[in-house]
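Try each task before you read its solution.

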Amino acid sequence: MIGDREHWTNRLGFILAAAGSAVGLGNIWRFPFVAGMNGGAAFIIIYLITIILIGYPMMITEMALGKKTQKNPVGAFKAMAPNSPWWLVGALGVFTGFVILSYYSVVAGWSLAYIFRAIGGFTPDMDFASLFYTTIGVDIGDGPNVITPLFWHLVFMALTVGIIASGVVKGIQRWVKILMPVLLILLLILVVRAVTLPGAGAGLEFYLSPDFSEVTGRTFLDAIAQSFFTLSLGMGAILTYGSYLSKDTTISDNGGWVVGLDTGIAIIAGFAIFPAVFALGFEPGAGPGLTFITLPAVFAELPAGSFFGFLFFLLLSVAALTSAISLLEVVAAWLIDEKGWARSRAAIVMGIIIFLVGIPPSLGYNLLGGFSFLGMDVLDTYDWFANALFLPIGGLLTAIFVGYVWQAKKAQEFANDPPGAINIGDWYGLLIKYVVPLAIIVVLIFGLIDTFSG
Ligand code: TRP
């Protein structure tokens, strides 16, 4: 099979694919509400620091492992450390991809449903909480709605499978080249709409002037966890995309582009959301409901609001799709490389299984509404295992592996080759060997304490 491996046909293809993986629900749905609950600009400052100290070095590290070995996460660790248990880190990554995609697809499915809700029209007299509840299947007097959430989860998984089955160049690269520019244009239209609203100033004020009184230890944990999730780190997604890089691309530069694009788009998403939320007198700290309950209510009050709502949920769905394909690609690449499966078979069979694994979170608001794990519903439980445990553990072990087994110095040289615009210095070793592992351990421990102390 060596030599047959598909490669991105150019640098832009890779950057857009990796940025497409990174930019997703994490940027447009999660980032604004986490920032909103943590004091706006104050959070952003801390977040930027964690992106530089933890996100960028980890991005480089995963890309380097992939480019060096030209393999999926399991194969990559096997190639770097034969006859050792390190491949289990790759296996954890593949498993995590499975888990994340199963519930990510459920939330992305809600977003798809909302494209059609917006086409149906958002009007000020609507009850947006009820609209959200019927979308996720809560029984609001008309019986448990099992079909709606399952249907959109299925549609979203089918789109994801279709792209992955078509291959790296004809599937992933072709689609991200269309979808990423669309995403940027939609986002900019929404920003222009939001900042020109009467009263938008209050939102800009909240977003841009730091309020450090809201900052606690929790803010730092949230910032680090957000960095991992938003950059698609800790489970080998970036590693897998890096494995389709050819020798002549410089990782230090490409990693900079991907981190920059992801961070830029998250911050721009805030400009689309906060001015609108404030202009109409809503709460910025509304939490996860910000996107699906608060924003439609905001759109309902705007001239041509249903149209902008339609654009917004289209944007969210596109962003989710380019992320979901990177999750399925990890699982598919493992089966293709390690088990010799045909690509289409890997995509379809795994797509079906992941759909099935996603049924419990999809039905967590009706049939499985009684489920509770430490007070969390099914979807939050999946999310907790992935984000509070699997990603940090995967990231920690990857950092330790590259820092001490491969050797930070070698990874650094590899990432700088061939020489590009960014030259990674020895600070890389310091970060990957000490700062990153320590930060992750702190997040892991405090995250666990936080969850179990209720
Ligand atoms: N980064 C994506 C987002 O922000 C989600 C995602 C895609 C992801 N692939 C991942 C998260 C791998 C963790 C690991 O929505």
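**Exercise 1.** Does Ser 317 count as buried or exposed, and why?

*Solution.* Start with the ground rules: this is a predicted model, in which local features need pLDDT of at least 70, side-chain atom pairs count only at pLDDT 80 or more, and totals for chains, interfaces and linings use all residues. Residues are numbered from 1 along each chain as its sequence is written, and side-chain values use heavy atoms, leaving out hydrogens and water. Ser 317 has a relative accessibility of 5%, so Ser 317 counts as buried (under 20% relative accessible area; exposed is over 50%, partly exposed in between, with a 1.4 Å probe and protein chains only). Finally, follow its side chain, which reaches the backbone oxygen of Phe 313 at 2.7 Å.

**Exercise 2.** Find the polar atoms of Ser 21, Ala 22 and Ser 232 that face ligand atoms.

*Solution.* Begin with the backbone: a polar atom of Ser 21 is 3.2 Å from a ligand nitrogen, and one of Ala 22 is 2.9 Å from a ligand oxygen. Then turn to the side chain of Ser 232, where a polar atom lies 3.0 Å from a nitrogen of the ligand. As for cover, the protein takes up 100% of the 360 Å² of accessible area that the ligand has on its own (Shrake-Rupley method, 1.4 Å probe).

**Exercise 3.** Which helices each supply at least two residues of the shell around the ligand?

*Solution.* Look along H1 (11-22), H2 (25-37), H5 (87-120), H10 (217-230) and H14 (305-339). Helices here are DSSP runs (H or I, at least four residues), numbered from the N terminus.

Definitions and conventions: Polar contact = N/O pair within 3.5 Å; in protein donor to acceptor, adjacent residues only side chain to side chain.
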